[in-house]
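Here are a few friendly notes to read alongside the model. Take them one at a time, and find each residue on screen as you go.

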Amino acid sequence: MADPGAESEPLLSRARGGSGRDCPAGSAACRSVRDGPGERRPGEGSGPWGLCVGSCWILSFTIFLILFLAFIETPSSLTSTADVRYRSAPWNPPCGLTESVEMLCLLVFVADVSVKSYLVGWAQFRTNLWLLAYLAVLVVSLMDWIVSLSLVCQEPLRIRRLFRPFFLMQNSSMMKKTLKCIRSSLPEMASVMLLLALHLCVFTMFGMLLFTGEKQGDGQDRERLIYFRNLPEALTSLLVLLTTANNPDVMTPAYSKNRAYAIFFIVFTLIGSLFLMNLLTAIIYNRFRGYLMKSFQTSLFRRRLGARAAYEVLSSVTAEGQAHPQEVGVKPQDFLQVLQKVQLDSSHKQAIMEKVRSYGGDLLSADEFQKLFNEFDKRVIKEPPPRPEYPSPFLQRAQFLFSHRYFDYLGNFIALGNLVSISVFLVVDADMLPEDRDDFVLGILNCVFILYYLLELLLKVFALGLPGYLAYPSNVFDGLLTIVLLVLEISTLAVYRFPHPGWKPEVLGLLSLWDMARLVNVLIVFRFLRIIPSMKLMAVVASTILDLIRNMRAFGGILVVVYYVFAIMGINLFRGVIVAPPGNGSLAPDNSSVPCGSFEQLEYWANNFDDFAAALITLWNVMVVNNWQVFLDAYRRYSGPWSKIYFVSWWLVSSVIWVNLFLALILENFLHKWDRRSHLQSLAGDPDTTYQMSVELLFRDVLEEPAEEELMEKLSHHPHLQLCR
């Protein structure tokens with residue numbers, strides 16, 4: 001469970017109940033921890049840790065479950081299509097089914113907030129806004145749940161569905177930091193938004209004055225009738241142009257009449273899209289980096305404070321057992337004894353143990369003790385298993401040859417040739433139907449390439465040994481795909497026999513020959529990704545993407561929250577407003593009854609808010625802002641002009657704020673990897689060990705280490721730790 005006080009108070013700054021007491025000078029209990037109910041001295045067991053991990057998993061599953069209910073609840077998303085023309089009546093659960101699951105989830109949350117309030121104490125609970133909001137959301141949800149059952153699940157609005165994403169936010173400290181970052185950026189963002197609004201209003205007035213044709217049918221009049229008919233339409237047209245979604249359509253009628261009219265739209269786009277929107281990106285990036293750096297400075301202080309507290313406790317044990325207590329430090333054997341009982345990743349534990357043994361039998365100083373915790377930021381690269389030893393000189397030379405990197409380069413070249421052959425046949429056969437194609441040549445080539453892949457696998461296993469081959473992730477990736485390709489090829493040969501001219505047999509079994517060939521080719525193309533680690537620059541980009549995926553939980557969580565809230569709002573506002581056309585059939589593109597480029601002509605019928613899954617896809621399509629003016633126009637006609645407020649708000653939250661926040665994370669991550677690779681190696685101190693990229697590590701090189709006086713001052717006021725220095 002997330003630490004409820006982590007956002008406002010440093011570690012050890014406040015504890016539940018109790019107060020400090022003076023310790024007489026020279027006492028053996030000088031640097032000790034007061035044992036309270038349920039407290040353990042270091043090394044007394046790891047049961048509570050396992051209980052905490054189990055509680056975290058239960059809470060995470062409960063959050064997932066209560067969010068997932070939106071797909072099953074009325075209106076359920078259990079249909080094969082969202083298109084209103086073809087969608088069948090969905091299955092809706094009986095009243096009480098999803099409500100029972102929801103109540104179980106709410107009871108878990110009640111237990112969670114009860115435990116947290118007990119742990120932090122009533123004094124801190126009253127000042128913690130997140131815990132107070134947690135309690136308020138639970139009360140509102142339970143009351144709304146009771147109302148639902150009393151109305152036999154026929155209530156028009158379920159308020160509690162809007163509050164469900166809160167359970168996800170309050171469980172993630174990183175999401176809270178991101179929200180605070182956004183909140184602190186709002187004043188500066190509001191100034192740019194005000195400039196954007198002023199920019200839109202000024203050019204809207206110019207446009208409405210400029211495009212007033214003197215006679216029917218000229219370019220100005222067509223521009224006015226289509227895009228500048230009234231103030232709301234003009235504002236909408238220029239707002240969409242700000243995202244370039246309707247460019248050059250919005251300019252074409254006037255530009256066709258006179259070239260000079262293009263100046264109006266070009267100047268508007270230059271100021272709005274290229275200057276103000278990018279200025280907004282710069283503000284979000286700057287605030288993102290500034291706030292997170294301050295937040296991680298606090299996080300670093302908490303980590304250093306915790307490590308120093310552990311040092312003080314262990315050094316007190318050392319002092320009690322020494323003949324000369326004036327020597328302060330931690331015995332390596334005491335540290336190792338505690339480490340053995342700690343729940344920790346085996347590779348990190350092994351690295352820390354080796355680091356401790358490197359100091360010999362001397363007492364560990366505070367600085368040396370702190371450096372041990374730097375091992376948590378490292379990703380230890382394990383030594384590969386030893387290669388098999390062959391007595392024959394010929395086999396030894398073969399082993400050297402097939403384990404050399406040039407052999408990998410040859411494999412990459414062969415894979416490139418396979419990819420080129422597939423591309424050539426795709427181009428040549430592009431205009432043919434699958435039943436008219438002759439797959440003889442491509443079938444023979446695929447057989448040859450797959451046999452080479454199998455030979456490459458066997459030779460690498462010969463050179464490295466099976467444990468050594470499996471020690472490299474790239475080999476595991478190659479090996480799995482090679483085995484799958486081999487199984488598919490053997491299945492194809494068993495069913496359709498060996499390729500020959502005019503090889504077009506009938507469908508046999510589950511897949512046709514064309515389907516099996518496509519599956520094989522897809523896997524071959526996927527296998528070509530093995531080339532990425534061999535290219536240094538591409539490897540940097542790929543590793544940046546992987547690090548982003550690892551660190552996207554908080555930012556992805558923010559996106560889940562805004563999607564969830566807007567989807568529920570969209571269902572309540574627009575459910576059922578998109579109706580199937582008469583006859584429940586598809587309108588022809590050349591039907592003169594609908595305008596070209598309209599919602600109906602483009603057959604966007606599946607983009608609706610009739611259920612939760614359809615709402616998510618609709619919001620995604622609007623976030624991409626390609627043709628989003630079609631959605632604005634359609635929902636204006638079907639539900640009213642005020643629908644534009646909903647879609648513009650979604651555009652601001654998703655495309656402007658979240659996408660720019662995501663862009664800031666990408667820039668920071670990539671620049672850190674690109675410019676500071678040598679710095680990371682120096683931090684690691686070992687060429688075979690690299691630092692694991694995390695959001696915190698992005699700012700590690702610019703964070704200030706806390707001073708020892710500051711740490712000792714904070715520890716001296718802790719109610720459960722007495723220091724007599």
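1. A residue is called buried when its relative accessible area is under 20%, and exposed when that area is over 50%, with partly exposed in between. Keep in mind as you read that this is a predicted model.

2. Let's start with Arg-85. Is Arg-85 buried or exposed? Its relative accessible area is 4%, so Arg-85 is buried. Arg-85 forms a salt bridge with Asp-83, and the closest N and O atoms of the two are 2.8 Å apart. Asp-83 counts as buried too, because its relative accessibility is 7%.

3. Arg-85 has another salt bridge to look for, this one with Glu-603, at 3.9 Å from N to O.

4. Arg-636 and Asp-633 both belong to helix H21 (residues 628-639) and are three residues apart, about one turn of the helix. An α-helix has 3.6 residues a turn, so residues three or four places apart point the same way. The side chains of Arg-636 and Asp-633 meet in a salt bridge of 2.9 Å, N to O. Arg-636 is partly exposed at 24% relative accessible area, and Asp-633 is partly exposed at 28%.

5. Stepping back, how many salt bridges are there? The count comes to 20. Some residues are linked in a network of salt bridges, among them Glu-73, Glu-99, Asp-144, Arg-158 and Arg-164. As background, side chains of opposite charge can pair when their charged atoms come close.

6. Next, find Arg-304 in helix H9 (residues 261-320). Arg-304 has a relative accessible area of 8%, so this residue is buried. Leaving aside neighbours within four places in sequence, Arg-304 is in contact with Gln-370, Asn-374, Glu-705, Pro-706 and Leu-711.

7. At 1.5 Å a residue, the 22 residues of H19 should span 32 Å, and the end C-alpha atoms are 30 Å apart, which agrees. Just after H19 comes Gly-576, with a positive phi of about 85°.

Key: Residues numbered from 1 in each chain as written. Predicted model: local features only at pLDDT ≥ 70, side-chain atom pairs only at ≥ 80, totals over all residues. Heavy atoms only, no water. Helix = DSSP H or I, 4+ residues; strand = E, 2+ residues; numbered from the N terminus. Expected span 1.5 Å × (residues − 1). Buried < 20%, exposed > 50% of the residue type's maximum accessible area, 1.4 Å probe, protein only. Contact = heavy atoms within 4.5 Å. Salt bridge = Lys/Arg side-chain N within 4 Å of Asp/Glu carboxyl O.
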